[in-house]
Amino acid sequence: MKEQDIRAVESMCRCGLDLEGLISSFPKFPEDEIRAVYEAYIGARNEDGNADKNGTGISINCS
């Protein structure tokens, strides 16, 4: 996949698409490469502490 393709998959990850949704959304991309981008995104998000204890990654600012 090209760099632009990787960014598109990452963008869909940020929108909350799961792995199966990503694979069906990008049928021309190799499944193993989509899986690698998804796992890298999820791993980076969890390391940064951006996911809550349930792993949803949703945050609410009520200010």
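**Reading the features**

Reply: Begin with accessibility: R35 has a relative accessible area of 32%, so it is partly exposed. The term covers the range between buried (under 20% relative accessible area) and exposed (over 50%), with a 1.4 Å probe and protein chains only. This is a predicted model, in which local features need pLDDT of at least 70 and side-chain atom pairs count only at pLDDT 80 or more, while totals for chains, interfaces and linings use all residues. Residues are numbered from 1 along each chain as its sequence is written, and side-chain values use heavy atoms, with hydrogens and water left out.

Me: With which residue does R35 form a salt bridge?

Reply: The general idea is that side chains of opposite charge can pair when their charged atoms come close. The rule used here asks for a side-chain nitrogen of Lys or Arg within 4 Å of a carboxyl oxygen of Asp or Glu. R35 meets that rule with E31, where the closest N and O atoms are 3.0 Å apart.

Me: Where do R35 and E31 lie?

Reply: Both are in helix α3, which covers residues 31–48, and they sit 4 residues apart, about one turn of the helix. Helices here are DSSP runs (H or I, at least four residues), numbered from the N terminus.

Me: How many salt bridges does a search of the whole structure find?

Reply: The search finds 3.

Me: How many residues does α1 have, and what distance does it reach?

Reply: A helix can be checked against its expected span, 1.5 Å times one less than its number of residues. α1 has 12 residues and reaches 17 Å from its first C-alpha to its last, close to the expected 16 Å. After the helix comes G16, whose phi is positive, near 100 degrees.

Me: Which residues of α1 are buried?

Reply: They are V9, E10 and C13. Viewed down the helix axis, these residues fall within an arc of 100 degrees, so they line one face of α1. The arc is taken from the directions running from the helix axis to the C-beta atoms. The face turned away from the buried side carries the exposed residues Q4 and R14.

Me: How many disulfides are found in the whole structure?

Reply: The search returns 0, a disulfide being a pair of cysteine sulfur atoms within 2.5 Å. C13 is in no disulfide, and its nearest cysteine sulfur, that of C15, is 9.1 Å away. C15 is likewise in no disulfide, with the sulfur of C13 as its nearest, at 9.1 Å.

Me: Is C13 buried or exposed, and what about C15?

Reply: C13 is buried, at 5% relative accessibility. C15 is exposed, at 60%.

Me: Which residues form an aromatic pair?

Reply: In general, a pair of aromatic rings is described by the distance of the centres and the angle of the planes. Rings of Phe, Tyr and Trp (its six-membered ring) pair if their centres lie within 6.5 Å; planes under 30 degrees apart count as stacked, over 60 as edge-to-face and the rest as tilted. The count here comes to 1. F26 and F29 form a stacked pair, with 5.2 Å centre to centre and 10 degrees between the planes. F26 is buried at 16%, whereas F29 is partly exposed at 22%.

Definitions and conventions. Helices (H or I, at least four residues) and strands (E, at least two) are DSSP runs, numbered from the N terminus.
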